[in-house]
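Biologist: I'd like to learn how to read an interface between two chains. Could you walk me through one?

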Amino acid sequence: MTRRVVVTGLGLVTPLGNDVQAVWERLLAGEGGVTPPLRHGADLPPTRAIGEITPEVIEQLRSRFPDLDGAEDPRTLFAHAAAHDALDMAGLTPGEHDRAGVILGAGPGANRIEDVDRCLREDGSFDAVAFGRGIDQLQPESLIRHGAELPAARIAGAFGIGGPVHAVTTACSASNQALGMAYRSIRRGETDWVVSGGSDSQVNPLGLVFFVLLGASATVDEDDPASACKPFDRKRSGLIMGEGAGIAILEAEEHALARGATILAEVAGYGASLDAFRTTAPPPDGRGAAEAMQYALDDGDVPAGEVDFVNAHGTGTKRNDPAEIRAIRTVLGPQADEVAVSSSKGALGHLLSAAAGVAFCCCVQAVREDAVPPTANLQEPDRACDVDLVLDAGRRKVVRTALNNSFAFGGQNACVVVRKYAAGGEA
Amino acid sequence: MGMRIAITAAAVRTALGEDANEIRGRLDAGESALGPIVGFDASGFDGAQAAQIWREPETAEDDPALRILGPHGRLLDAVTIEAHGAAGLEALPRERVGLFVAMGMVDAPVDDLATAALTARDGGDAMSLRSFFAGAYRQIHPLWPLSMLNNVAAGQIAIDLDIRGDNVVLASDAVAGLRALLEAARSIDEGRCDAALAAGVSGRVSPAALARQALHGSGHPGEGGATLVFESETAAHARGAPILGYVLGGATTFGGTPERATAAARHDAGLEAGAELERAARGARLLGDLGAGTAASRLALTLAGWSRGSEGALPRRALLSATGDDGGHGALIVEEAV
């Protein structure tokens with residue numbers, strides 16, 4: 001059985017807001033959601049700019065789901081909120097959905113250094129006995145309390161979803177890999193619809209030094225923290241952490257049509273590859289990224305000439321951006337000059353395991369509205385990034401097909417093809 | 001599933017040994033790997049037992065592999081390299097070899113964090129976030145962040161074997177482990193790979209793992225993992241690879257009873273509801289709860305059990321079941337190669 005897979009719902013929790021249409025319009029307008037740190041003090045963390053969900057929004061979300069077991073974990077909370085909105089848009093309600101699934105990209109959870117500090121002996125060594133006797137004192141956000149499966153499991157429990165429920169943990173490509181798994185599950189007939197995408201939050205003491213320790217964090221102008229992440233720019237210096245969730249409802253076309261759902265777009269292909277190069281850097285020629293993109297196009301029999309928009313991984317690091325542009329040129333050939341390319345990480349930060357989920361929602365909006373958002377903070381494109389980068393403000397253009405790129409530390413690459421939906425096509 | 005997926009190699013490590021036949025024999029003799037916990041003082045945890053492989057405290061020093069992968073990542077790397085070699089996959093195009101992995105939760109190496117927390121105390125009784133952010137965090141090794149990403153081990157395997165195909169990493173319980181096998185089988189069935197490495201590994205027995213067990217009520221933790229090689233039967237025959245068994249079908253479900261997953265797996269495998277199935281890898285509970293490594297290990301041990309005791313002409317079929325921490329279930333149906 002091979003079925004067409006369509007998108008019938010979207011949900012977002014982002015630093016630019018939680019309403020899909022409003023976030024999309026703000027992205028098109030070139031607005032950014034990166035601010036000084038909020039939850040841990042503006043002048044404390046060594047990274048002085050974050051794409052952070054405000055404490056007020058987090059409290060609103062907790063009030064919205066007062067019975068959510070695991071709401072202390074922002075990752076679970078964000079996923080739950082975005083999934084509810086996506087299911088609501090899709091017109092799906094709680095029930096007995098044995099032929100539905102939840103497949104989400106999820107961050108590993110928050111390690112809390114406070115839990116280590118609580119169990120230090122005077123000589124600085126770790127006291128495992130004290131740790132064992134104080135389990136009830138573990139920090140509410142601790143990953144010991146909240147496994148990677150939790151966001152997906154809570155959504156499944158709330159909506160009576162009884163099919164495959166899984167967490168994909170391939171870091172920055174996790175959401176795209178989750179969307180790919182969901183797409184394949186529906187296409188082969190295992191499920192009729194799947195809640196997919198991803199959620200992540202590392203806004204905690206250890207998470208906030210994550211990219212600093214790796215030397216990947218952007219240099220921040222304290223007078224203008226929102227400008228810190230500059231994908232594809234000559235002056236780019238690294239990435240900025242973000243948090244949030246991007247969730248979509250993928251559904252078999254026949255199922256969506258039978259229940260009269262509004263179809264937003266089609267998922268036309270998926271591809272994944274491994275760099276087999278280095279843990280912390282892509283090959284300069286972008287070969288792994290190119291392979292994932294090519295596999296995705298081949299999977300859907302989509303010719304390069306039908307691609308109008310590449311929603312790039314575009315982290316703003318020295319090595320990623322030119323390697324990705326090389327990959328785009330390799331795959332699209334001369335068509336690369338006709339394709340609009342942008343990255344949302346300048347505006348939102350890098351949402352890690354949620355990044356591709358949010359970017360997927362942008363791709364769906366792009367093919368629905370024939371528009372491409374700009375890359376925030378991109379002013380002087382690097383000469384090595386010689387494609388049609390969208391600067392300054394959103395661009396109106398026909399978008400028949402969009403590619404959603406994501407590439408992870410560790411070398412897992414994934415690409416999802418989003419196409420304008422046309423009734424009567426063939427899978 | 002539409003085709004029988006051939007299993008052409010398996011490699012496994014558990015607390016009862018590093019060879020599937022040896023482990024199978026010790027399980028058949030009723031030997032248990034469970035025992036008192038060593039490596040750290042577990043007396044703060046009620047009734048803690050475990051089946052450990054890694055019995056010494058981790059000394060990461062400056063070895064990047066130790067820093068990044070941790071013991072379970074290195075075990076995964078080792079069994080996958082062994083399985084890849086045993087199957088003789090070196091001649092296959094690297095883009096056509098896939099890697100499908102399930103991994104247990106990563107627990108932070110504590111020593112780095114302890115030093116940073118102590119430095120951030122400024123002589124007081126508890127760490128100060130201001131001091132931590134002001135510079136104490138630099139006591140944490142620069143590679144520590146990578147050790148928290150459980151996809152990095154899969155990336156290292158790809159580097160070590162120079163494989164570049166389809167892939168996924170799932171976390172972190174027994175159902176994730178079974179699903180990784182199923183995703184690998186699908187990649188063969190749907191023509192995306194010529195060979196798929198299907199792997200699963202437990203987390204490490206650590207204070208955090210015992211705390212997780214106490215909170216979530218899972219069984220005594222064990223350490224171990226396995227990797228299997230899946231190919232199409234046609235491809236395996238064409239290159240003369242010995243076939244150890246077949247994957248016929250499988251399913252993962254959420255909520256309800258395990259029987260629903262079993263019924264879905266039977267349907268996927270094209271088996272009638274009444275078709276007889278053995279329970280796979282009897283006695284494997286004596287290896288402890290291997291979490292994400294359960295399904296791969298049990299499949300490897302099922303194949304070894306058939307190899308040790310099979311005399312009949314008819315192929316035997318076994319049901320490999322999994323139950324997760326949050327309400328998930330999984331079932332995989334495998335068949336003996338005769």
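**Reading the interface**

Biologist: How many salt bridges does the rule find across the interface of chain B and chain A?

Modeller: A salt bridge is a side-chain nitrogen of Lys or Arg within 4 Å of a carboxyl oxygen of Asp or Glu. Here, the rule finds 6 across the interface of chain B and chain A. One of them joins A:Glu291 to B:Arg164, with the closest N and O atoms 2.5 Å apart.

Biologist: What should I know about the model itself?

Modeller: It's a predicted model, where local features need pLDDT of at least 70 and side-chain atom pairs count only at pLDDT 80 or more, while totals for chains, interfaces and linings use all residues. Residues are numbered from 1 along each chain as its sequence is written, chains are lettered from A in the order in which they are written, and side-chain values use heavy atoms, without hydrogens and water.

Biologist: How many residues of each chain are in contact?

Modeller: Contact means heavy atoms within 4.5 Å. By that rule, 72 residues of chain B touch 74 residues of chain A.

Biologist: And which residues does chain B use there?

Modeller: Count Ala, Val, Leu, Ile, Met, Phe, Trp, Tyr, Cys and Pro as nonpolar, Asp, Glu, Lys and Arg as charged, and the others, Gly among them, as polar. The side of chain B that touches chain A then has 42 nonpolar, 13 polar and 17 charged residues.

Biologist: How much area do the two chains bury between them?

Modeller: Buried area is the accessible area (1.4 Å probe) that two parts lose on being put together, summed over both. Chain B and chain A bury about 6,400 Å², 63% of it on carbon and sulfur atoms. B:Phe133, B:Arg164 and B:Phe254 supply 12% of the area that chain B buries against chain A, more than any other three residues.
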